Amino acid sequence: MPAEIGGPTGHGEREVNDRWHVDAVLLDMDGTLLDTEKVYFDSLVAALNGCGYTDDVAALCHSMVGLPGPVCEAMLLDRYGAAFPLAEVNRAFIVHRDRMFDAALPLKRGAIELLDGLAAAACPIAIVTSSSRRTTERHLAIAGIRERFDTLLTLDDVTHGKPDPELYLKAAARLGVMPQACVAVEDSNHGVAAAHAAGAITLMVPDMAPPTNETRGKCAAVLPDLHAVLALLRERGALGR
(Lines give C-alpha, C1' and ligand atoms only; values in the text may rest on other atoms or scores of the structure.)
Protein backbone atom coordinates (compact mmCIF):
# COMPACT_ATOMS: atom_id res chain seq x y z
CA MET A 1 0.00 0.00 0.00
CA PRO A 2 1.51 3.39 -0.94
CA ALA A 3 1.53 6.19 1.59
CA GLU A 4 -1.32 8.68 1.35
CA ILE A 5 -0.58 12.05 2.92
CA GLY A 6 -3.42 14.17 4.20
CA GLY A 7 -7.03 14.06 3.12
CA PRO A 8 -9.88 16.28 1.98
CA THR A 9 -11.03 16.93 5.54
CA GLY A 10 -7.85 16.08 7.40
CA HIS A 11 -5.67 18.09 9.74
CA GLY A 12 -4.96 20.90 7.29
CA GLU A 13 -2.09 22.26 5.26
CA ARG A 14 0.18 23.21 8.18
CA GLU A 15 0.24 19.72 9.67
CA VAL A 16 0.46 17.90 6.36
CA ASN A 17 3.18 19.98 4.69
CA ASP A 18 5.21 21.66 7.46
CA ARG A 19 7.23 20.53 10.43
CA TRP A 20 5.19 18.99 13.20
CA HIS A 21 5.48 20.02 16.84
CA VAL A 22 5.28 16.66 18.62
CA ASP A 23 5.61 16.22 22.38
CA ALA A 24 4.55 12.54 22.51
CA VAL A 25 3.60 9.56 20.36
CA LEU A 26 0.53 7.51 21.34
CA LEU A 27 0.41 3.96 20.04
CA ASP A 28 -2.53 1.62 19.69
CA MET A 29 -1.63 -1.97 20.53
CA ASP A 30 -3.75 -4.60 18.76
CA GLY A 31 -3.27 -4.52 15.01
CA THR A 32 -0.83 -1.60 15.26
CA LEU A 33 2.12 -2.88 17.30
CA LEU A 34 0.98 -6.48 17.78
CA ASP A 35 -0.35 -8.71 15.01
CA THR A 36 -3.35 -9.78 17.07
CA GLU A 37 -6.46 -8.65 15.20
CA LYS A 38 -6.58 -11.68 12.90
CA VAL A 39 -6.23 -13.93 15.95
CA TYR A 40 -9.21 -12.19 17.58
CA PHE A 41 -11.20 -12.38 14.34
CA ASP A 42 -10.47 -16.05 13.67
CA SER A 43 -11.13 -16.96 17.32
CA LEU A 44 -14.52 -15.25 17.39
CA VAL A 45 -15.59 -16.76 14.09
CA ALA A 46 -14.56 -20.21 15.35
CA ALA A 47 -16.38 -19.67 18.67
CA LEU A 48 -19.58 -18.56 16.96
CA ASN A 49 -19.44 -21.40 14.45
CA GLY A 50 -18.83 -23.89 17.25
CA CYS A 51 -21.97 -22.65 19.02
CA GLY A 52 -24.07 -23.03 15.87
CA TYR A 53 -23.91 -19.46 14.50
CA THR A 54 -22.78 -19.57 10.88
CA ASP A 55 -24.92 -16.97 9.07
CA ASP A 56 -22.59 -14.26 7.74
CA VAL A 57 -20.58 -14.13 10.96
CA ALA A 58 -17.43 -13.01 9.14
CA ALA A 59 -18.99 -9.67 8.17
CA LEU A 60 -20.24 -9.15 11.73
CA CYS A 61 -16.81 -9.90 13.18
CA HIS A 62 -15.13 -7.55 10.70
CA SER A 63 -17.38 -4.74 11.92
CA MET A 64 -16.03 -5.28 15.45
CA VAL A 65 -12.38 -4.67 14.59
CA GLY A 66 -11.00 -1.94 16.86
CA LEU A 67 -13.98 -1.90 19.24
CA PRO A 68 -13.84 -2.66 23.00
CA GLY A 69 -15.05 -6.06 24.18
CA PRO A 70 -18.24 -4.79 25.88
CA VAL A 71 -19.30 -3.03 22.67
CA CYS A 72 -18.71 -6.24 20.70
CA GLU A 73 -20.78 -8.20 23.22
CA ALA A 74 -23.61 -5.67 22.87
CA MET A 75 -23.45 -6.06 19.08
CA LEU A 76 -23.76 -9.84 19.41
CA LEU A 77 -26.77 -9.54 21.71
CA ASP A 78 -28.35 -7.01 19.37
CA ARG A 79 -27.81 -9.32 16.40
CA TYR A 80 -28.89 -12.62 17.98
CA GLY A 81 -31.21 -11.61 20.81
CA ALA A 82 -31.31 -12.00 24.58
CA ALA A 83 -31.08 -15.80 24.36
CA PHE A 84 -27.62 -15.59 22.77
CA PRO A 85 -25.22 -17.78 24.84
CA LEU A 86 -22.71 -15.02 25.50
CA ALA A 87 -20.82 -16.79 28.29
CA GLU A 88 -20.42 -19.95 26.21
CA VAL A 89 -19.17 -18.02 23.18
CA ASN A 90 -16.75 -16.05 25.36
CA ARG A 91 -15.32 -19.25 26.82
CA ALA A 92 -14.86 -20.76 23.35
CA PHE A 93 -13.30 -17.52 22.10
CA ILE A 94 -10.75 -17.52 24.94
CA VAL A 95 -9.80 -21.15 24.29
CA HIS A 96 -9.20 -20.47 20.58
CA ARG A 97 -7.39 -17.17 21.26
CA ASP A 98 -5.05 -18.52 23.92
CA ARG A 99 -4.19 -21.58 21.84
CA MET A 100 -3.10 -19.31 18.99
CA PHE A 101 -1.23 -16.89 21.26
CA ASP A 102 0.61 -19.73 22.96
CA ALA A 103 2.07 -20.55 19.55
CA ALA A 104 3.23 -16.97 18.86
CA LEU A 105 2.38 -13.33 19.32
CA PRO A 106 4.24 -11.57 16.52
CA LEU A 107 4.95 -7.87 16.24
CA LYS A 108 3.86 -5.84 13.25
CA ARG A 109 6.49 -5.04 10.66
CA GLY A 110 8.66 -2.13 11.77
CA ALA A 111 7.50 -2.15 15.41
CA ILE A 112 10.96 -2.58 16.95
CA GLU A 113 12.51 -0.04 14.62
CA LEU A 114 9.81 2.51 15.47
CA LEU A 115 10.22 1.95 19.21
CA ASP A 116 14.00 2.16 18.90
CA GLY A 117 13.71 5.42 16.94
CA LEU A 118 11.36 6.97 19.49
CA ALA A 119 13.62 5.90 22.35
CA ALA A 120 16.71 7.32 20.64
CA ALA A 121 14.90 10.64 20.26
CA ALA A 122 13.78 10.53 23.91
CA CYS A 123 10.21 10.96 22.70
CA PRO A 124 7.57 10.18 25.37
CA ILE A 125 5.28 7.33 24.35
CA ALA A 126 2.18 5.59 25.65
CA ILE A 127 0.06 2.59 24.76
CA VAL A 128 -3.56 3.59 24.13
CA THR A 129 -5.67 0.45 23.75
CA SER A 130 -9.23 -0.81 23.92
CA SER A 131 -7.98 -3.98 25.61
CA SER A 132 -8.17 -4.52 29.36
CA ARG A 133 -5.17 -3.85 31.62
CA ARG A 134 -4.69 -7.56 32.23
CA THR A 135 -4.71 -8.40 28.52
CA THR A 136 -2.45 -5.46 27.69
CA GLU A 137 0.14 -6.44 30.29
CA ARG A 138 0.06 -10.07 29.19
CA HIS A 139 0.33 -9.44 25.46
CA LEU A 140 3.08 -6.84 25.69
CA ALA A 141 5.04 -9.24 27.92
CA ILE A 142 4.58 -12.20 25.56
CA ALA A 143 5.67 -10.00 22.64
CA GLY A 144 8.77 -8.97 24.59
CA ILE A 145 8.14 -5.21 24.65
CA ARG A 146 6.47 -4.57 28.02
CA GLU A 147 9.54 -2.83 29.42
CA ARG A 148 9.39 -0.27 26.61
CA PHE A 149 6.35 1.46 28.13
CA ASP A 150 5.98 3.37 31.37
CA THR A 151 2.49 4.60 30.44
CA LEU A 152 -0.43 2.32 29.54
CA LEU A 153 -3.97 3.59 28.96
CA THR A 154 -6.42 0.71 28.76
CA LEU A 155 -10.15 0.13 28.75
CA ASP A 156 -9.97 -0.16 32.54
CA ASP A 157 -8.94 3.51 32.77
CA VAL A 158 -11.97 5.04 31.06
CA THR A 159 -15.75 5.07 31.00
CA HIS A 160 -15.97 5.07 27.20
CA GLY A 161 -13.67 3.16 24.85
CA LYS A 162 -12.85 3.93 21.24
CA PRO A 163 -14.24 5.53 19.07
CA ASP A 164 -14.80 7.91 22.00
CA PRO A 165 -11.71 10.15 22.45
CA GLU A 166 -11.48 9.60 26.24
CA LEU A 167 -8.52 7.20 26.05
CA TYR A 168 -6.47 9.61 23.97
CA LEU A 169 -7.37 12.63 26.08
CA LYS A 170 -6.35 10.78 29.25
CA ALA A 171 -3.12 9.56 27.67
CA ALA A 172 -2.09 13.10 26.77
CA ALA A 173 -3.01 14.32 30.26
CA ARG A 174 -1.04 11.47 31.87
CA LEU A 175 2.04 12.50 29.87
CA GLY A 176 1.47 16.18 30.64
CA VAL A 177 1.10 17.28 27.02
CA MET A 178 -1.66 18.71 24.83
CA PRO A 179 -3.45 16.22 22.55
CA GLN A 180 -2.76 18.49 19.59
CA ALA A 181 0.97 17.97 20.20
CA CYS A 182 0.62 14.18 20.02
CA VAL A 183 0.94 11.83 17.08
CA ALA A 184 -1.44 8.88 17.35
CA VAL A 185 -0.82 5.68 15.39
CA GLU A 186 -3.85 3.49 14.71
CA ASP A 187 -4.86 0.57 12.50
CA SER A 188 -8.67 0.73 12.57
CA ASN A 189 -11.41 3.12 11.55
CA HIS A 190 -12.73 3.24 15.11
CA GLY A 191 -9.28 4.00 16.49
CA VAL A 192 -8.71 6.79 13.99
CA ALA A 193 -12.06 8.31 14.96
CA ALA A 194 -11.00 8.35 18.63
CA ALA A 195 -7.58 9.88 18.01
CA HIS A 196 -8.91 12.50 15.60
CA ALA A 197 -11.72 13.50 17.97
CA ALA A 198 -9.10 14.04 20.69
CA GLY A 199 -7.25 16.44 18.38
CA ALA A 200 -4.14 14.32 17.82
CA ILE A 201 -2.20 14.23 14.55
CA THR A 202 -3.46 10.85 13.40
CA LEU A 203 -1.57 8.29 11.33
CA MET A 204 -3.18 5.06 10.13
CA VAL A 205 -1.45 1.81 9.23
CA PRO A 206 -4.45 -0.31 8.17
CA ASP A 207 -4.58 -3.89 9.37
CA MET A 208 -7.68 -5.99 8.66
CA ALA A 209 -10.11 -3.24 7.67
CA PRO A 210 -9.24 -0.68 4.97
CA PRO A 211 -9.85 3.00 5.76
CA THR A 212 -13.18 4.45 4.75
CA ASN A 213 -13.26 7.75 2.90
CA GLU A 214 -14.31 9.42 6.15
CA THR A 215 -11.35 7.87 7.94
CA ARG A 216 -8.89 9.00 5.26
CA GLY A 217 -10.09 12.55 5.81
CA LYS A 218 -9.25 12.30 9.50
CA CYS A 219 -5.68 11.11 8.93
CA ALA A 220 -2.55 13.18 8.39
CA ALA A 221 -1.32 10.09 6.51
CA VAL A 222 -2.30 6.51 5.70
CA LEU A 223 0.89 4.46 5.63
CA PRO A 224 1.89 0.91 4.65
CA ASP A 225 3.79 -0.07 7.81
CA LEU A 226 5.54 1.21 10.93
CA HIS A 227 8.79 1.75 9.02
CA ALA A 228 6.90 4.42 7.08
CA VAL A 229 5.59 5.93 10.33
CA LEU A 230 9.14 6.39 11.62
CA ALA A 231 10.29 7.84 8.29
CA LEU A 232 7.41 10.34 8.25
CA LEU A 233 8.07 11.43 11.84
CA ARG A 234 11.68 12.11 10.92
CA GLU A 235 10.69 13.87 7.70
CA ARG A 236 8.34 16.21 9.57
CA GLY A 237 10.97 16.98 12.17
CA ALA A 238 8.94 15.36 14.95
CA LEU A 239 12.01 13.58 16.36
CA GLY A 240 14.63 16.13 15.48
CA ARG A 241 14.34 18.78 18.17
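This is a predicted model: local features need pLDDT of at least 70, side-chain atom pairs count only at pLDDT 80 or more; totals for chains, interfaces and linings use all residues.
Reader: What makes the radius of gyration of the chain agree with that of a compact globule?
Author: The rule is 2.2 Å times the number of residues to the power 0.38, with the radius taken over C-alpha atoms. For 241 residues a compact globule would come near 18 Å, and the chain has 18 Å, so the two agree. Along the principal axes, the C-alpha atoms fill a box of roughly 55 × 40 × 35 Å.

Reader: Why is E186 called buried?
Author: Buried means under 20% relative accessible area, exposed means over 50%, and partly exposed is in between (1.4 Å probe, protein chains only). E186 has 1%, so E186 is buried. By that rule, 53% of the 241 residues count as buried. E186 is found in strand 5 (residues 182-186), where strands are DSSP runs of E with at least two residues, helices are runs of H or I with at least four, and both are numbered from the N terminus. Leaving aside neighbours within four places in sequence, E186 has contacts (heavy atoms within 4.5 Å) that include D28, K162, Y168 and M204.

Reader: And why does A59 count as partly exposed?
Author: A59 has 40% relative accessibility, so A59 falls in the partly exposed class. A59 lies in helix 3 (residues 57-62).

Reader: How do you know that the structure holds zero disulfides?
Author: A disulfide is a pair of cysteine sulfur atoms within 2.5 Å, and the structure holds zero of them. For C51, the nearest cysteine sulfur, that of C61, is 12 Å away. For C61, the nearest is that of C72, at 8.7 Å. C61 is also buried, with a relative accessible area of 4%.

Reader: What makes Y40 and F93 a tilted aromatic pair?
Author: Rings of Phe, Tyr and Trp (its six-membered ring) pair if their centres lie within 6.5 Å; planes under 30 degrees apart count as stacked, over 60 as edge-to-face and the rest as tilted. Five aromatic pairs come out of this rule. Y40 and F93 are 6.3 Å apart centre to centre, with 35° between the planes, and form a tilted pair. Y40 lies in helix 2 (residues 37-50) and F93 in helix 5 (residues 86-103), so the pair ties together parts 53 residues apart in sequence.

Reader: Which residues have the most contacts inside the largest nonpolar core?
Author: They are V25, L27, F149 and L233, in a core of 57 residues. Such a core is a set of buried Ala, Val, Leu, Ile, Met, Phe, Trp, Tyr and Cys residues joined through side-chain atoms within 4.5 Å. Helix 2 gives the most to this core, with seven residues. Not counting residues up to four places away in sequence, F149 touches L27, L33, L115, I125, A126, I127 and L140.

Definitions and conventions:
Residues are numbered from 1 along each chain as its sequence is written. Side-chain values use heavy atoms; hydrogens and water are left out.
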